[in-house]
Number of protein chains: 4
Amino acid sequence: MPSDYRKERRVEFSETDLAGIIHYSSYFQFMEETEHEFLRSLGLSVQLREDDTTYGFPRLSTRCEYSRPLQFEDVVDVELRVARLGRSSITYQFLFTSEGEEVARGEVSVACVVRDSEGVMKSSPIPSSLASQLTAHAGEPLTFGPPSSRKR
Amino acid sequence: MPSDYRKERRVEFSETDLAGIIHYSSYFQFMEETEHEFLRSLGLSVQLREDDTTYGFPRLSTRCEYSRPLQFEDVVDVELRVARLGRSSITYQFLFTSEGEEVARGEVSVACVVRDSEGVMKSSPIPSSLASQLTAHAGEPLTFGPPSSRKR
Amino acid sequence: MPSDYRKERRVEFSETDLAGIIHYSSYFQFMEETEHEFLRSLGLSVQLREDDTTYGFPRLSTRCEYSRPLQFEDVVDVELRVARLGRSSITYQFLFTSEGEEVARGEVSVACVVRDSEGVMKSSPIPSSLASQLTAHAGEPLTFGPPSSRKR
Amino acid sequence: MPSDYRKERRVEFSETDLAGIIHYSSYFQFMEETEHEFLRSLGLSVQLREDDTTYGFPRLSTRCEYSRPLQFEDVVDVELRVARLGRSSITYQFLFTSEGEEVARGEVSVACVVRDSEGVMKSSPIPSSLASQLTAHAGEPLTFGPPSSRKR
């Protein structure tokens, strides 16, 4: 049974801010780095070339909820799962933990596109080589919600 | 009647990526810059000092939905509204337009905290000087949703 | 007589680090933003198109010397001058001041290149439309040196 | 005989720009990450606490010279050496190679400081625990120079 894809990442100095903790935008770098490392682990790339076609994956939406702050040099464990797989879109979710405790959860939805001869992006079915591998990494979706409904 | 707070911002070279368009994480810098400029326009700061207390506003959650890509040197108009004002939290929303057309919409919820003598953050009511001014910038909340339910 | 090109820039929250001051790499964003704004002020762009040729300006070298730290929300004045103008390279220098006092000085040397039909970059003379305008912004070069020789 | 400290680092998507190659400022992140990882390998941190004193290492100057561009997903090998060790300053140098070929070289000089009771930074001798270990990593200084004098 396939497990989630996991990546360890240390919080770098430049990712902190004057509040002494990690900047909230850094999680979006962590998500993207994990997504791309995941694709490489499948023998693929986010710049995907198949049968003379180059696929791209522009972002449709993203979100992140923060539970507790990370400090400089903390090691965060990022766990990726495929939460939804559409014909031409993918939703990845990410659980961030540090020393076994959740620090944040995030989500990124991407479209699958190809560029026509003028370079204009248009929606495309996900190439089958990728789709089949993503299915194997499908996981139980995480829940997100407005601050009022979150149990924190 | 108070209008939304607006800031113009040009897409810088370092904010693009090899896809030739703005990187999706740049919107989180835009949101924060607009929030902080808004607070300065009220004579305040995100590092808020009142009656010997220093308030901070760590992020609880954030999200962004993308409609169309921005290019290098595009000028984006960022419009901030206060979508929800709690006793100790604030939700800002942002509408990004370029040449009159929506390019993205985003949201940031922040907690109001003070640090105790050990430096530990704890929830605090929003200081009244800020709360009263935020009320004047309350706006109709934007809607967000999964890609499948968005009308685009 | 032409003066240096000047740009004002405020230090943003995300540009600080846990030391409570601006991160040293932020100056390289400031230099690039000032260079690109300068080119726009000439009616040009760092992505320069002239007579069906697209010119690019990859960086050859850069340096920065720091005199005193900038804080969040400080306003820095960036002054650009053209320190050296070669046949196919340009050296820009930047003096950073805040409240009239030098905080840093920096330098960026760029090559002028075109891409051949395979996309490979090769050195090119600076297009004349740009070269003539750069000459008008030539300024006395700043001095740089190892920490031991700097007068600070 | 001690060898240079080495770190491998992959070029991430967000570190590229619309020219399709790595942004020139990314090297300053690479240098800092390598410096901090090097200090951790010595059992130390850039936030160094010894005998109730906290030392900091603000940057005095930095430079980088670029030989050839890195692409997305390239792996770069960063090699750190201690090029100069003063009483209260350190100069680190960095050789960047990819597939055995130099792509860039860089340098960062830092001051050793402590903060007084008002939080003002003042120069301090490098604590002996660090100085002795840095000596063991001293290496032949790299040469830098204006583009005209570089042999490339």
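**A hairpin and its surroundings**

Author: In chain D, strand 2 and strand 3 form a hairpin with two residues between them, and in the turn D:Asp51 has a positive phi of about 50°. The model is a predicted one, in which local features need pLDDT of at least 70 and side-chain atom pairs count only at pLDDT 80 or more, while totals for chains, interfaces and linings use all residues. Residues are numbered from 1 along each chain as its sequence is written, and chains are lettered from A and ligands numbered from 1 in the order in which they are written. Helices (H or I, at least four residues) and strands (E, at least two) are DSSP runs numbered from the N terminus, and two strands pair if DSSP finds at least two bridges between them.

Elsewhere in chain D is helix 1 (residues 26–41), whose 16 residues should span 22 Å at 1.5 Å a residue, in agreement with the 22 Å between its end C-alpha atoms; the expected span is 1.5 Å times one less than the number of residues. Helix 1 of chain D is followed by D:Gly43, whose phi is positive, near 80°. A residue is buried if 20 or more other C-beta atoms lie within 10 Å of its own, exposed if 12 or fewer, and partly exposed in between, with C-beta atoms placed from the backbone. The buried residues of helix 1 of chain D include D:Tyr27, D:Phe28, D:Phe30, D:Met31, D:Phe38 and D:Leu39, together with D:Glu32, D:Glu35 and D:His36. Their cover includes helix 1 (26–41) of chain C as well as strand 1 (5–10), strand 4 (59–66), strand 5 (75–85), strand 6 (89–98) and strand 7 (101–111) of chain D.

In chain C, C:Phe30 lies in helix 1 and counts as buried because it has 22 C-beta neighbours inside 10 Å. Two residues are in contact if their C-beta atoms, placed from the backbone, lie within 7 Å; leaving aside neighbours within four places in sequence, C:Phe30 is in contact with C:Arg9, C:Val76 and C:Val78. The C-alpha atoms of C:Phe30 and C:Ser41, which are 11 residues apart along the chain, are separated by 16 Å.

Strand 4 (residues 59–66) of chain C has eight of its eight residues buried, so this strand is largely enclosed by the rest of the structure. Within its own chain, strand 4 of chain C pairs in the antiparallel sense with strand 7 (residues 101–111) over seven bridges, where C:Thr62 stands opposite C:Val108. Across to the other chain, strand 4 of chain C and strand 4 of chain D pair in the antiparallel sense over five bridges, and the bridge partner of C:Glu65 is D:Ser61.

Chains A and B also pair through strand 4: strand 4 of chain A and strand 4 (residues 59–66) of chain B are antiparallel over five bridges, with B:Arg63 as the bridge partner of A:Arg63. The contact between these chains takes 19 residues from chain A and 19 residues from chain B. On the side of chain A, helix 1 (26–41) and strand 4 (59–66) are the elements that give two or more residues, and strand 4 gives the largest share, eight residues. That side has nine nonpolar, seven polar and three charged residues, where Ala, Val, Leu, Ile, Met, Phe, Trp, Tyr, Cys and Pro count as nonpolar, Asp, Glu, Lys and Arg as charged, and the others, Gly among them, as polar.

In chain B, B:Leu39 lies in helix 1 (residues 26–41) and is buried, with 20 other C-beta atoms within 10 Å. Leaving aside neighbours within four places in sequence, B:Leu39 is in contact with B:Leu44, B:Ser45 and B:Val46.

Finally, nine residues of chain C are in contact with nine residues of chain A, and those of chain C divide into three nonpolar, five polar and one charged. Chain C can be laid on chain A with an RMSD of 0.0 Å by a turn of 180° and a shift of 0.0 Å along the axis, which is the relation of a two-fold axis; copies are superposed by least squares on the C-alpha atoms of residues with pLDDT of at least 70 in both. In chain C, the C-alpha nearest the axis belongs to C:Asp17, 1.9 Å from it. Of the interface residues of chain C, 100% are also interface residues in chain A, so the copies meet through the same surface.
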